[in-house]
Structures are given as structure tokens and as C-alpha cells.
Amino acid sequence: MPSKSRKEKKNPGSDEEYEIPDNRHNFDKIWGILGEEYPDSKPALNYGNPLELLVATVLSAQCTDVQVNRVTENLFKKYRTVEDYANADLRELEEDIYSTGFYKNKAKNIKAAAGLILERHNGGVPDTMEELVTLPGVGRKTANIVLSRGFGVIEGIAVDTHVKRLSGRMGFTNNSDPVKIEQDLITLAPKKDLDSLSITLILHGRKVCTARKPKCSECVVNRLCPSSIIFMDL
Ligand code: SF4
């Protein structure tokens with residue numbers, strides 16, 4: 001277990017209250033253990049093609065995968081092509097995705113992205129990072145997901161709130177900017193593992209290393225995690 005002397009106050013009251021020591025040397029061991037703990041880490045969103053994956057990923061912002069799947073079950077029957085989204089009545093699309101939250105922005109972005117896909121990409125979802133991030137509502141996180149799961153192209157790693165939190169707690173990065181965290185993780189994991197690393201960290205973040213009160217005593221990597229001593233103390 002890491003020693004208590006490593007604990008330092010930083011920003012009281014937040015997860016950044018403590019300065020986590022560099023623990024990159026333990027990445028391989030931790031990744032090996034987590035890989036065994038979550039052997040079937042698969043994406044939780046339902047989709048049948050890159051367009052549906054893009055839409056589902058945009059909808060998943062600030063929404064659970066379960067709720068997105070509930071909504072897309074009907075949405076994907078109603079909107080089958082890029083044209084369907086591009087020509088959609090905005091108000092109607094908003095209603096169709098209402099329960100995923102932030103529905104006005106999401107509907108606007110999906111409709112505008114579909115329009116650009118038609119205009120610039122001949123109706124096909126682009127398969128490069130450079131092109132994907134020019135679409136409204138698509139940042140590196142969404143683009144990484146679409147590239148890896150829609151096209152089998154591993155460019156980087158999708159950094160969501162769980163990946164960000166766990167990477168910091170485990171001492172793999174001291175950055176808070178998702179783009180910098182992505183760059184830090186890319187140097188640690190083999191490229192082929194980046195997508196499953198993201199999914200695994202998300203699963204561990206939901207189940208054990210939760211934002212509030214992480215269950216360090218039950219955590220399979222607590223002996224290697226520099227934050228265990230901090231949270232077990234609280
Ligand atoms: S649950 Fe605790 S020991 Fe496990 S990764 Fe999170 S902070 Fe580290």
C-alpha cells in the first residue's frame with residue numbers, strides 16, 4: 001500500500017485536494033489486473049453502422065447508455081439515412097431525443113452534422129480524426145469512439161469523465177485537459193488496447209472507483225493505486 005507521506009493538500013474539498021504521485025511505472029500491472037477483472041468490456045451503446053454510432057455517441061453526452069439505447073431503439077427506425085437527419089424538422093427531432101437531455105443542442109448538432117456529411121463527404125460518415133472533429137458536436141472523444149468502433153481505426157483514446165478521474169487517481173497523468181490526458185495515456189498503452197482501456201476504466205469508474213466515495217477496500221488494484229490511502233482514510 002502506498003505510504004501516507006505521499007498525501008498532500010492541493011484544492012480542499014475537491015478530488016484535486018491531493019497531489020497524486022506519478023505512478024506510470026505501474027501502468028502495465030494495473031492494466032493487466034483490470035483487463036482480467038473486466039474481460040468482456042464492450043461498448044454499451046447499440047448501433048448498426050457508423051451513422052448510428054455517431055448519433056448514439058452524440059446523444060450519450062450527459063446521459064446514461066441505457067437511456068440512449070431506449071431512445072435510439074425508435075430513433076433508428078424513424079431516421080435511417082443521413083438525409084433523414086439532415087432534412088428532419090428540428091422541433092420533431094428535439095422531441096424524439098428529448099429524454100437524453102440537452103436535446104436542443106444535440107438535435108441542432110445532429111441535423112447540422114448530417115448536412116455537412118451530405119455536403120462534404122458524399123453522405124458517408126468520414127473516417128479520419130481531422131474530418132470528424134469538424135462536424136458540429138463532435139470532439140476528440142466522440143471522434144475516437146466513431147473511428148475505433150465504426151471503422152476499426154485506433155487514433156487515440158476517448159477520455160470521458162470516468163477516464164479522466166481514474167487516470168488521475170491512479171497516477172497516470174497529472175493533467176486535467178482531456179486532450180493532454182489522452183496524450184499521456186497513448187504513451188502508456190499499446191495502440192490496440194486504447195479502446196478497451198477506455199471502456200474498462202469507464203466500467204471500473206462506475207462500479208468501484210466512483211466519483212464520490214470510491215470503494216478502495218474492494219478495488220482489485222488498491223495495492224498499486226496511490227490514491228487508495230487517501231480515500232480509505234476518509
Ligand atoms: S477505487 Fe480507490 S484504489 Fe481503486 S482505482 Fe479508485 S482510488 Fe484507486
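**Fold**

I read the pattern along the sequence first: α-α-α-α-α-α-α-α-α-α-α-α. I get 12 helices and 0 strands. Helices (H or I, at least four residues) and strands (E, at least two) are DSSP runs, numbered from the N terminus. The model is predicted, so I keep its limits in view: local features need pLDDT of at least 70, side-chain atom pairs count only at pLDDT 80 or more, and totals for chains, interfaces and linings use all residues. My residue numbers start from 1 along each chain as its sequence is written.

I then looked up the overall dimensions. The radius of gyration is 19 Å, close to the 17 Å that the globule rule gives for 234 residues, so the protein is as compact as a globular protein of that length. I took the radius over C-alpha atoms; the rule is 2.2 Å times the number of residues to the power 0.38. Along the principal axes, the C-alpha atoms fill a box of roughly 60 × 30 × 30 Å.

Burial came next. I call a residue buried if 20 or more other C-beta atoms lie within 10 Å of its own, exposed if 12 or fewer, and partly exposed in between, with C-beta atoms placed from the backbone. On that count, 35% of the 234 residues are buried. For contacts I require C-beta atoms, placed from the backbone, within 7 Å. Among contacts with a separation of 6 or more, 58% join residues 24 or more positions apart.

**Domains**

I find two domains listed: domain 1 (4–41 + 157–233) and domain 2 (50–151). The bounds come from an automatic or database domain assignment. Their C-alpha centres lie 29 Å apart. In the contact list, 8 residues of domain 1 meet 6 residues of domain 2. Helix H10 (residues 178–186) gives the largest share of the domain 1 side, 3 residues. I sorted that side by class: 5 nonpolar, no polar and 3 charged residues. Ala, Val, Leu, Ile, Met, Phe, Trp, Tyr, Cys and Pro count as nonpolar, Asp, Glu, Lys and Arg as charged, and the others, Gly among them, as polar.

**Core**

Which residues have the most contacts inside the largest nonpolar core? They are Leu54, Val55, Ile110 and Val146, in a core of 50 residues. Helix H2 (residues 50–59) gives the most to this core, with 7 residues. Both domain 1 and domain 2 give residues to the core, so it lies between them. My core is a set of buried Ala, Val, Leu, Ile, Met, Phe, Trp, Tyr and Cys residues joined through C-beta atoms within 7 Å.

I checked H8 (residues 140–151). Its buried residues are Lys141, Thr142, Ala143, Asn144, Ile145, Val146, Leu147 and Ser148. Their cover includes H2, helix H7 (129–132), H10 and helix H11 (194–207). Just after H8, Gly152 takes a positive phi of about 70 degrees.

In H9 (residues 161–169), 7 of the 9 residues are buried, so this helix is largely enclosed by the rest of the structure. Those are His162, Val163, Lys164, Leu166, Ser167, Gly168 and Arg169. They pack against H10 and H11. Gly171 follows H9 with a positive phi, near 80 degrees.

**Ile20**

Ile20 sits in the segment before helix H1 (27–37). I count 24 C-beta neighbours inside 10 Å, so Ile20 is buried. Beyond four places in sequence, its contacts are Gly168, Arg169, Gly171, Pro226 and Ser227. Ile20 and Pro226 are 206 residues apart in sequence but 6.6 Å apart in space, C-alpha to C-alpha.

**Positive phi outside glycine**

Gln62 has a phi near 60 degrees. I placed Gln62 in the loop between H2 and helix H3 (65–78). It is exposed, with 10 other C-beta atoms within 10 Å.

Phe102 has a positive phi of about 45 degrees. It lies in the loop between helix H5 (90–97) and helix H6 (103–121). Is Phe102 buried or partly exposed? I find it partly exposed, with 15 other C-beta atoms within 10 Å.

**Ligand shell**

I counted 14 residues around the ligand; Cys209, Cys216, Cys219, Cys225 and Ser228 come nearest. The cut-off is a C-beta atom, placed from the backbone, within 6 Å of the molecule. By class the shell divides into 9 nonpolar, 3 polar and 2 charged.

Notes. Two residues are in contact if their C-beta atoms, placed from the backbone, lie within 7 Å.
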